[in-house]
Amino acid sequence: PQRVHAHYAYHIIRDATAILRRLPNLNQASTAVGKQITICGDLHGKLQDLLVILHKNGLPCAENPYVFNGDFVDRGKRSMEVLLLLCALLIVFPGAVFLNRGNHEDRAINVRYGFIREVRTKYRMQSERLLHQIERLYRALPLGTVVDSQVLVVHGGISNKTDLREIWTLDRFKLASLMDPPQSAKENPDGTEEDDTPERRAWRQVFDILWSDPQVADGCSHNTLRGAGTYFGPDVTEEFLRRHDLRLLVRSHECKLEGYELAHNNKCITIFSASDYYEVGSNKGAYVKLSGNPLTPQFVQFQVSAAKSNKRRLTFRQRVGLVERSALKSLAATIEARRIGLEAEFKTRDPESKGTISVKEWCEAMQNGTGLSVPWRLLRDRVLSPAAAEEAAKTGLIKYSETFCGPGSQSGCYVTEALYRDKMALESLFSALDTDHSGTISMTELKQACSLLPNDGSEPGQLCTRLARCLDFNQDGRVDLNEFLEAFRLVESRRPVEPNESPDEED
């Protein structure tokens, strides 16, 4: 494929470096405008994953800011393209794109894992000039991002010695490579080194936040698997968040089967955005959206290889199944992320600590605790364990602790059957509008449908524009099944209560 000319590539990286150099060691991001922010994990040269994220979630803007949490390069074959695209987004949307340094933003690592070879292959005579400028970019990258003074986003993690006050004040521009630490250090009796100079302490602070991994057990120890950074336990996370008045730690650095993982009482989130990292089908990619007050995570998964292989082979019913499973997993993640609030809602409705509440009270608690206006009465069987759901049907009482047994664990449970009224009719309507059977409704197909509607004095083009505004959430010029169903769900959630209907009743 045609690549960006070396002259333009150099200037894109140079201009991005100039922007980054003006930023503090810890970027400050806000959700004040759009009430949400998207965090992406490792991309590792997988351009298609980055394009999928931008397609699904929209381009960056003041209302749709992004944090890209390091490891943009190495391993994948399109690392240069990923780096150039992220730099271009930073230049065009400087207040809406936040780039963090990862452990692979390091020339010593690039030599081993392929990025240096990629640049030299693609740009030959200009490669050394480009690589020199890329090194400057690495040094200029902020070491982390703080969102709304609530959430810290760093690439690797923390240690029991991580101090944000030190990270704020250290000189990150001196750290060309973390693989070449300052040499001055005292040796302890056990053979470990004790940092005894400001340079060495600064290096250690950065080394730990770029290379560390969470562990299940309490405490903090040397990361023997990587040979760098630490393993940090839930007690370390709890103490760090308390000391710096934060609510959540978001990090990347580790491939996860589902693209994300919750750890340390849901206070430590791992997000990994490179799907098929080891081989085709090995893992999903994901990104996380933080919204609300306090900020609450919502995870979005994707897999490029699955989309490519199934795009032409899947039947319409199978495509519906993908949407349903995605919706169910999203609901599961939301319930798990808001567990503390839900438990509080349940206990306020159970003053005698019986462990059970009525179905009506459970529905109220679920709506208040999650902030989701969905028909919880119908979702009861999808959310509760089978035993609790059966007991609720017999007695009208719900053992609310069973809410956290993992929605979606039962095969064949499809959440959109409850989320969308008249789902079968909506599927048929979508299929009828999708005349070329591509799986999406184009603006041309939408305009053809508008021409068949009763004329209220508006031109078909005006009707099409209005419908597109309602249906095409990501503004990509096409309406997929998920957007189509979601539009009807949003309308339905605002349906007024009938005079003879109790507000808590659902069909």
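Which strands does helix α2 lie across? In this predicted model, α2 lies across β2, β3, β15 and β16. The helix runs at about 125° to β16.

The strands under discussion belong to an open sheet of 5 strands. Their order is β4-β3-β2-β15-β16, and the pairing is mixed. β4 and β16 are the edge strands, as each pairs on one side only. Neighbouring strands of this sheet are turned by 20° against each other on average, direction ignored. Within the sheet, β2 (residues 36-40) pairs with β15 (residues 285-291). The sense is antiparallel, and the pairing runs over 5 bridges. T38 stands opposite K289 in β15.

A further set of strands involves β5 (residues 144-147). Strands of a sheet pair through backbone hydrogen bonds, either parallel or antiparallel. β5 takes part in a parallel pairing with β1 (residues 26-29), over 4 bridges. Here Q28 stands opposite V146 in β5. With β6 (residues 151-153), β5 pairs in the antiparallel sense over 3 bridges. In that pairing T145 stands opposite V153 in β6. β5 and β6 form a hairpin, with 3 residues between them. D148, in the turn, has a positive phi of about 55°.

In a regular strand the side chains alternate between the two faces of the sheet. In β5, G144 and V146 point one way. T145 and V147 point the other way. All four of these residues are buried.

The largest nonpolar core has 41 residues. Those with the most contacts inside this core are F68, F72, M80, L86 and L130. Several elements give two or more residues to the core. Among the helices that do so are α1 (6-21), α2 (47-57), α3 (79-92), α5 (115-123) and α6 (127-140). The strands include β3 (66-68), β4 (97-99) and β16 (296-302). α3 gives the most, with 8 residues. M80 is in contact with A9, I13, F115, E118, V119, Y123, L130 and I134, leaving aside its neighbours within four places in sequence.

Two packed helices are described by the angle between their axes and the distance between the axes. The axes of α3 and α5 come within 9 Å and cross at roughly 90°. α3 is therefore roughly perpendicular to α5. From α3, the residues S79, M80, E81, L83 and L84 take part in the contact. They meet F115, E118, V119, K122 and Y123 in α5. The residues of this contact divide into 6 nonpolar, 1 polar and 3 charged.

Helices α13 (residues 359-370) and α14 (residues 376-383) form another crossing. Their axes come within 10 Å and cross at roughly 90°. On the α13 side, the contact is made by V359, K360, W362, C363, M366, Q367 and T370. On the α14 side, W376, R377, R380 and V383 make the contact. These residues divide into 6 nonpolar, 2 polar and 3 charged.

Note on methods. Residues are numbered from 1 along each chain as its sequence is written. This is a predicted model: local features need pLDDT of at least 70, side-chain atom pairs count only at pLDDT 80 or more; totals for chains, interfaces and linings use all residues. Side-chain values use heavy atoms; hydrogens and water are left out. Axes are lines fitted to C-alpha atoms, for helices over the stretch in contact, and angles run from 0 to 180 degrees between N-to-C directions. Contact means heavy atoms within 4.5 Å. Ala, Val, Leu, Ile, Met, Phe, Trp, Tyr, Cys and Pro count as nonpolar, Asp, Glu, Lys and Arg as charged, and the others, Gly among them, as polar. A nonpolar core is a set of buried Ala, Val, Leu, Ile, Met, Phe, Trp, Tyr and Cys residues joined through side-chain atoms within 4.5 Å. Buried means under 20% relative accessible area, exposed over 50%, partly exposed in between (1.4 Å probe, protein chains only). Two strands pair if DSSP finds at least two bridges between them. Angles under 35 degrees count as roughly parallel, over 145 as roughly antiparallel, 65 to 115 as roughly perpendicular and the rest as oblique.
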